[in-house]
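These are my notes from one sitting with a structure. I looked up a few helices, the domains and some backbone details.

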Amino acid sequence: MDGSDIGKLITEYCNSMDRQEELNKALFKKLPKKEWIGQLDARARELTMIATRDEQILDEIGTLLAKDMSEEESLYLYDRVVEMYNNDYDDYVVIFPLLKKLQQIYEGSNDYEKLIFIYKAIFYEMCEIRNRGSGQMRMSDEYLEKIFALCDHYSEFTPDARRGVWVAWYNYVVIDTENPDFDINRSYLRHKKANEFWNSDVVQSLDKDNENILEIIDIMNKDWMCVEEHIEKANDEVKKYLYDYSGKLYAEDVAKAKSITDYNDRVYALYLRTRIESGEETFSGALDRYLKYYKSCLAKFENAGKQSVEEQHFLNNGPLFMLRLVEHIEDKNKADRTISYLIESSRENLFTKYKDFPSQFINDVLAKWCYKTLKYLDTRKEKEDYILDLIVKRQLPTYLHSVIVSELAMVFAESALVYMPEFFNDLPIKEDIPEYLRHCGLFHDVGKTRIADIINLQCRKLGEEEFDSIKKHPEYGAKFMENDPDLIIYRDVAACHHCYYDGSGGYPDDYDHNTPYRAAIDIITICDCLDAATDKYGRNYKKAKTPEEIFDELKKFSGTRYNPKLVRLLDLDPDLKSRIGYFIGAGRAEIMYQAYRKKI
Ligand SMILES: [Fe+2]
Ligand SMILES: [Fe+2]
């Protein structure tokens with residue numbers, strides 16, 4: 001194999017990623033409608049070409065990777081992958097096979113620096129694609145353990161490789177806290193093991209004063225501590241360890257701090273929490289203290305300009321800590337005031353500060369933050385606006401799709417009310433059914449706000465793992481809606497809109513089809529497909545269908561995928577097809593234009 005062949009393909013793929021970003025950004029320019037729509041059309045044409053070429057590139061790379069490589073070619077490939085990785089061209093579908101090839105080449109060798117990079121990168125890619133918190137992340141632990149298995153040779157490692165080992169320990173200890181089966185007692189053992197290794201003779205003799213590594217270890221220990229909500233589940237040994245350790249860190253922090261905002265937020269949170277646990281502080285008192293601290297940190301960050309890592313951590317964790325305190329206090333009024341403050345500041349700070357921060361982790365934090373605070377809002381309207389805000393700000397493509405689905409759903413509901421009103425007999429919603437369905441359309445894909453951006457924005461066909469990740473969105477969406485009495489009416493639609501009408505296919509497969517919301521689910525399922533199949537702007541990897549083609553398809557799958565009564569409605573109501581035709585045809589560009597204007 002010629003090293004330059006694969007190099008050219010990699011370069012071409014990276015360039016196409018840049019071009020996609022450029023095309024997506026261009027839509028945010030303020031332009032007159034006609035020009036904007038012209039650009040939208042041109043973008044769709046170009047993306048279609050890119051999607052086709054990207055798939056060819058992936059095939060060609062696959063063919064080259066199947067062949068043996070010389071030492072020189074392997075080295076070249078390694079350098080290119082490091083470069084891609086460091087410059088954020090880490091699209092899973094292209095970088096993962098490259099990394100697996102490198103693993104195959106270097107595994108068993110004593111090129112530890114390369115091996116550590118390869119294992120670390122595979123670990124990160126697996127975490128990103130498998131959705132943090134989904135339970136599948138456990139599978140990636142194996143790659144960190146491979147790094148630890150090399151550590152008998154620690155004294156032979158380069159400084160970079162040694163640093164890589166500590167990044168791996170950091171992840172082993174800290175990312176574990178994001179697994180749904182996270183167990184603080186088990187995680188304590190990881191934390192202990194990492195610290196034991198740190199104190200071993202070989203590590204101490206080499207790295208005792210290594211600032212780079214000391215910093216990682218410091219953050220590792222503090223980040224591990226920030227899972228203070230798990231204190232209740234800790235056994236006595238772990239509890240005592242946490243109390244002593246947080247007290248010690250807090251004392252160090254206070255000694256070093258010039259002002260309250262110099263405290264480390266995680267240590268401070270844990271310190272307050274341990275004081276509550278031991279009866280030295282009330283929830284209400286701790287809330288007051290933390291709120292004061294939170295506000296002073298925001299003021300500090302406000303003046304600091306560029307967002308620091310410290311600020312990111314604080315914005316991720318600080319508000320959630322306060323929420324947990326609120327959940328414990330008896331003073332309802334104080335809790336209410338804090339919550340309204342938190343919601344307001346979360347909208348201002350979280351959404352705007354993270355505006356250009358596409359990461360599955362941030363998506364997950366923001367979505368979690370949103371669904372945890374929803375129940376504190378007063379009216380259904382406020383809650384709906386809040387969710388919509390999240391979708392618009394985090395996932396514009398999902399919002400655009402949802403708007404079309406919501407318009408279609410309203411049209412279907414209006415028509416069904418005229419031609420077969422009994423269709424809604426079992427539906428618990430009795431008033432303004434079209435308006436209810438409009439909202440079902442807007443929220444059906446809310447779970448996608450937790451999926452990695454790169455998957456949601458992808459113009460080529462999704463890879464198998466990417467599709468597995470997307471398939472989680474109904475479950476996430478259901479979780480979003482089920483905690484709140486006002487939003488529970490949207491739960492089943494979010495959970496079940498990808499299930500076939502007769503239960504013979506789709507996902508998830510463990511869904512109970514005998515729900516009273518069946519009528520709403522069936523309408524959204526049809527509208528979802530109507531939009532997805534005809535969307536020439538958003539789905540570029542296959543040719544968009546014409547309205548006639550998709551109507552034929554509805555007929556073909558009537559009774560299996562789709563509710564036959566709704567398919568029949570297309571013939572019963574003489575206006576229905578043309579009303580639908582507008583939204584999936586000429587009206588789509590207009591709706592998209594309005595949506596972008598709203599966002600700009
Ligand atoms: Fe969906
Ligand atoms: Fe959808």
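**Notebook: helices, domains, backbone**

I began with helix α7, residues 159–174, which has 16 residues and reaches 23 Å from its first C-alpha to its last. That is close to the 22 Å expected at 1.5 Å a residue, the expected span being 1.5 Å times one less than the number of residues. Helices here are DSSP runs of H or I with at least four residues, and strands are runs of E with at least two, numbered from the N terminus.

This is a predicted model, where local features need pLDDT of at least 70 and side-chain atom pairs count only at pLDDT 80 or more, while totals for chains, interfaces and linings use all residues. Residues are numbered from 1 along each chain as its sequence is written, and chains are lettered from A and ligands numbered from 1 in the order in which they are written.

I then looked up burial in α7. Among its buried residues are Trp166, Trp169 and Tyr172. A residue is buried if 20 or more other C-beta atoms, placed from the backbone, lie within 10 Å of its own, exposed if 12 or fewer, and partly exposed in between.

Next came the domains. The protein chain is divided into domain 1 (235–376) and domain 2 (386–599), with bounds from an automatic or database domain assignment. Their C-alpha centres lie 37 Å apart. The contact takes twelve residues from domain 1 and 15 residues from domain 2; two residues are in contact if their C-beta atoms, placed from the backbone, lie within 7 Å. On the domain 1 side, the largest share, seven residues, comes from α16.

How do α18 and α26 cross? Their axes come within 11 Å and cross at roughly 80°. Axes are lines fitted to C-alpha atoms, for helices over the stretch in contact, and angles run from 0 to 180 degrees between N-to-C directions. The two helices are therefore roughly perpendicular to each other; that term covers 65 to 115 degrees, with under 35 roughly parallel, over 145 roughly antiparallel and the rest oblique. The contact includes Phe412 of α18 and Leu569 of α26.

Last, I checked the backbone. Most residues other than glycine have a negative phi, and most peptide bonds are trans. A cis peptide bond joins Tyr507 and Pro508, with omega about -10°. Pro508 is in the loop between α23 and α24. Asp88 has a positive phi of about 65° and is exposed, with 11 other C-beta atoms within 10 Å. Asp432 has a positive phi of about 40° and is exposed too, with 10.
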